[in-house]
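Let's work through a few exercises together. Have a look at the model below, then try each task before reading its solution.

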Amino acid sequence: MSTADPRRTRPASLELTWHPARPAPSAPVVVTGVFDVLHVGHVRFLAAAREQGAALAVGVEDDPRVRAWKGPGRPVHPATERAEVLAALRCVDATFLISGDPTLTSWEHYVELLRPLAPAVLAFTEGDPHAAPKRRAAAVLGATAVELPLTEGRSTTAALNRLGDGRAGSLDDVAVPQTSR
């Protein structure tokens with residue numbers, strides 16, 4: 001009788017990697033998202049989230065997950081650069097990358113991802129289509145769910161549409177002139 005391959009029987013999960021590598025803040029406010037092209041809506045949301053606790057940890061979805069959800073032209077910037085930009089904001093205490101199968105989006109997957117952080121608060125924007133699952137995840141984690149105001153008319157997709165031809169595609173699609181030697 002052969003035993004099952006443990007790699008095949010282990011449930012699929014998401015992975016959290018601190019960027020840059022550093023210890024996790026204790027009992028942080030946690031937000032997760034794409035944060036593809038930083039705009040005033042992001043900044044206002046993150047500042048309001050930070051006011052909810054002693055430290056703010058921001059989870060940045062990795063490139064394959066974003067591409068699967070938003071299409072081949074996204075993200076505009078690589079996950080490590082998005083995390084670096086966020087980490088430079090005064091209101092952000094730590095950033096981490098979220099990687100894993102793009103189909104893993106349930107609140108249960110995020111509970112397992114965030115459990116080691118022992119978050120005090122999970123924050124999200126009003127109108128978030130995933131608000132109910134985020135509230136459920138917060139309850140399971142013993143955290144407070146906080147819904148923060150959305151800055152109307154400000155989104156990455158809207159900004160990309162204003163900048164380009166409506167594709168909201170990657171800046172990699174833009175031709176860069178070559179210099180002659």
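**Exercise 1. How much space lies in the largest pocket, and which residues are closest to its centre?**

Step 1: About 1200 Å³ of space lies in the largest pocket. A pocket is an open set of points on a 1 Å grid over the protein atoms alone, where a 1.4 Å probe fits, with protein on both sides within 12 Å along at least five of seven lines; lining residues have an atom within 4 Å of a point. The volume is the space filled by probe spheres set on the points, which are joined across faces, edges and corners.

Step 2: The lining has 42 residues, and Thr-32, Gly-33, Val-34, Asp-128 and Lys-134 are the closest to the centre.

Step 3: Among the elements that give two or more residues to this lining are E2, H2 and strand E5 (121–125). Helices (H or I, at least four residues) and strands (E, at least two) are DSSP runs, numbered from the N terminus.

A note on the model: it is predicted, so local features need pLDDT of at least 70 and side-chain atom pairs count only at pLDDT 80 or more, while totals for chains, interfaces and linings use all residues. Residues are numbered from 1 along each chain as its sequence is written, and side-chain values use heavy atoms, with hydrogens and water left out.

**Exercise 2. Find the aromatic pair and say which strands hold its residues.**

Step 1: A search of the whole structure finds one aromatic pair. Rings of Phe, Tyr and Trp (its six-membered ring) pair if their centres lie within 6.5 Å; planes under 30 degrees apart count as stacked, over 60 as edge-to-face and the rest as tilted.

Step 2: Trp-18 and Phe-96 are the partners, at 5.3 Å centre to centre with 70 degrees between the planes, which is edge-to-face.

Step 3: Trp-18 lies in strand E1 and Phe-96 in strand E4, so the pair ties together parts 78 residues apart in sequence.

Step 4: Trp-18 counts as buried at 17% relative accessibility, and Phe-96 counts as buried at 0%. Buried means under 20% relative accessible area, exposed over 50%, partly exposed in between (1.4 Å probe, protein chains only).

**Exercise 3. Are Arg-74 and Asp-36 buried or exposed, and what do their side chains form?**

Step 1: The two side chains meet in a salt bridge, 2.6 Å from N to O. The term means a side-chain nitrogen of Lys or Arg within 4 Å of a carboxyl oxygen of Asp or Glu.

Step 2: Arg-74 is buried at 5% relative accessibility, and Asp-36 is buried at 2%.
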